[in-house]
Amino acid sequence: MQGAQRNSLRLLQWMMAASLALPIALFVFTSTISYTSTKDIADREIERTLDVAHEHALKVFETIDRSLAELNEVVHGLPDEIIRSREPALHRRLKRLTDALPQLKSAWIFDANGKSLVNSLASPPPDLSFADRDYFYAHVDQNIGTFVGAALTPRPPYQGARFFGMSRRREADDGSFIGVIQASVLPEYFESFYARIGSDPGSFFAMGRTDGVVLTHFPRLDRDFRLDPTGPVGRQIAAHPEHGLITIAWPSDGIERRVGYRRVAEYPIYVSAGLETSAIRARWLATMGQHLVFGIPATALLFLLLALAFRRTQHLHAEATARREAEEALKHSQRLEALGQLTGGVAHDFNNLLTVIRASVDLLNRPQLSDERRQRYINAIADAVARAAKLTSQLLAFARRQTLKPEVFDVGERMQSLHDMLATLLGPAIEIGIRLPTEPCLVKADAGQFETALINMATNARDAMQGKGRITFAVQAAATIPDTLVHVSGSHDLAGGDGFVSVAVSDTGIGIPAARLGRIFEPFFTTKQVGQGTGLGLSQVFGFARQSGGEVTVESEVGQGSTFSLYLPRVPTDLLPRQAPNTAPAVAGSGMSVLLVEDNIELANFAADGLTELGYSITLVDNAADALAELTMDAERFDVVFSDVVMPGMTGLDLARAIRDRGIRVPIVLTTGYSQALSQDGAAGFDLVQKPYSIEELSRVLHRAARLRPVRDGAAE
């Protein structure tokens, strides 16, 4: 201990010296890394912004292109005289088009001389020729598809904002030129869009033609501008015609920018987006300034703290040692107490069940036993096994490690079906009241565990009334869990997006003192006499509620009774499945081949013997590796694989995934009494049989799984 203290003091001295030298070196290193990172972040922002600008431009040009094609179809084959005679109707159509598309200023249909037959601005159109406009004369000699012109100023008497034209050639049936269809596109529409997406300081956008003519520019220019194809930007585009990212002094204003560009599909158009390099440097300086603002005081404070720590190290070591010793003693005490509760509770109940089983086996071995008595002892063994499985299920539910089988069911209907069983369970001295809702209250949970939780709450209520009184079961929909109740299950994420279904069990018993409310859901905590209960009933309710995404609450007053409320997430009514009950007995194998993988030889022989008697053909292996080797050698001879999950080495779940990953088309059925992997991740889409299982249940599951794969020689359909 003294050597450790001396080393700590020496370390603190070195740390005091390093607290001054290291921040300086770290600041220089961080500055370099930060500058590179800031530039990389800026490049990614530019790329993302360029994606948005490119997508926007593509949609605009495609929309206008489709509109021009539709207009061309409308007037295709019509002589100019017919178009002029229909001018009012066509004018209204063009006006509706431009009103619907904010990027358009106007739409035009020209004759072969460049005169407007119809436009969206004036009806009838003035007798003017537009044959000198680029969007017209570009189509006279040949069909060039869609043409995108330069930015132009409206010709009187037309007024308004500048525009650039998108146009298509009008052709007669013989391919001769008969006019042009044109749409006037507003550059300010793009500039307004760029202003919205380019809110960061130093943002830049431009859109231009492949010949260098700039159509839109943000920040907005007050003059026409054309890029020199032989300049830096033109050479970069020529080298990388589709897209690129460069740092350049932009020719229009000389400001250095980081600029990305991209061509707009098949159109002769490029869009670009960028940031001023000064803005990128400003970001970096702001980041480093924050480091300095916090770094300098932090360094000074660190030095002072190290000086204080140097003086108090011995005292802190002593306190830490004493605290560790106390914590270890407390943990050791808690482990002993929990181990004693667990051992005593489980051993008591399981010894009772084992006594029943052992006594029944001894009696079955007696000679000249009547059939009636033999059946009675067999039933006693089966009942003891079922009770042992239920006890294990309760333990796993409390630990929240049980693999539940959720299904959608109506809580009201399930409550009503349990009435007779509850009456038998509670006895004639208990008056039962049930209040059910008029509307369906559906939940998705394990129905068996739900019934167990309900029986446990009812039994707890009966014992609280000493077997005499009234128990009321109330089912209702609840939007939320009331804050006025005591949430004994603790805070956790609730899955009640559609609200909850509340199942309240109220009794007229003695009530619960406030001092005990915090312990009633602990495992094996009970106020009953020895031998009258395990203390697992309410803990099962606790575990079931938590694992099902719900909550359990309690409201109690001494002498007035208690109300336990189980809240489960509600689901929509359209999720209720409509299935006929399956009451079928064991299904004959009819030669069906099963690869049985089980490391417990007694259990493996039990399953193999039972299935063999039903006509199944069994191949038994005791590990997953041998099973995989059998399947790799000849998978076609097996109709289904039945594997335990918990095995040494490769687990059954690993085996199932390996079979699926290798493309072996054999159905897989898993079995387990408990698996940590399954409790966390579920059965991963594979059929699952819970232990303990009966041969009848196993045969039905295997037969159902194998029906998805044809059996050889017509053994199954």
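This is a predicted model: local features need pLDDT of at least 70, side-chain atom pairs count only at pLDDT 80 or more; totals for chains, interfaces and linings use all residues.

The mean pLDDT for the protein is 81, and 83% of the residues score at least 70.

| Stretch | pLDDT | Contacts in the model |
|---|---|---|
| residues 330-342 | below 50 | five, beyond near neighbours in sequence |
| residues 579-583 | under 50 | one, beyond four places in sequence |

Now for the sheet. Five strands make up an open sheet, lined up as β20-β19-β21-β22-β23 and paired in parallel. Which strands stand at the edges? They are β20 (617-621) and β23 (687-690); each has a single partner strand, so one side of each has no neighbour in the sheet. On average, neighbouring strands here are turned by 20 degrees against each other, ignoring direction.

Let's zoom in on one pair. Strand β19, residues 593-597, runs parallel to β20, and five bridges join them. One of the details: L596 has L620 in β20 as its bridge partner.

Two helices pack on this sheet as well. Helix α13, residues 601-613, touches β19 and β20, and its direction makes about 170 degrees with that of β20. Helix α17, residues 695-706, touches β19, β21 (640-644), β22 (668-672) and β23. The direction of α17 makes about 135 degrees with that of β21.

Conventions: Residues are numbered from 1 along each chain as its sequence is written. Side-chain values use heavy atoms; hydrogens and water are left out. pLDDT is the predictor's confidence in each residue, from 0 to 100. Contact means heavy atoms within 4.5 Å. Two strands pair if DSSP finds at least two bridges between them. Helices (H or I, at least four residues) and strands (E, at least two) are DSSP runs, numbered from the N terminus. Axes are lines fitted to C-alpha atoms, for helices over the stretch in contact, and angles run from 0 to 180 degrees between N-to-C directions.
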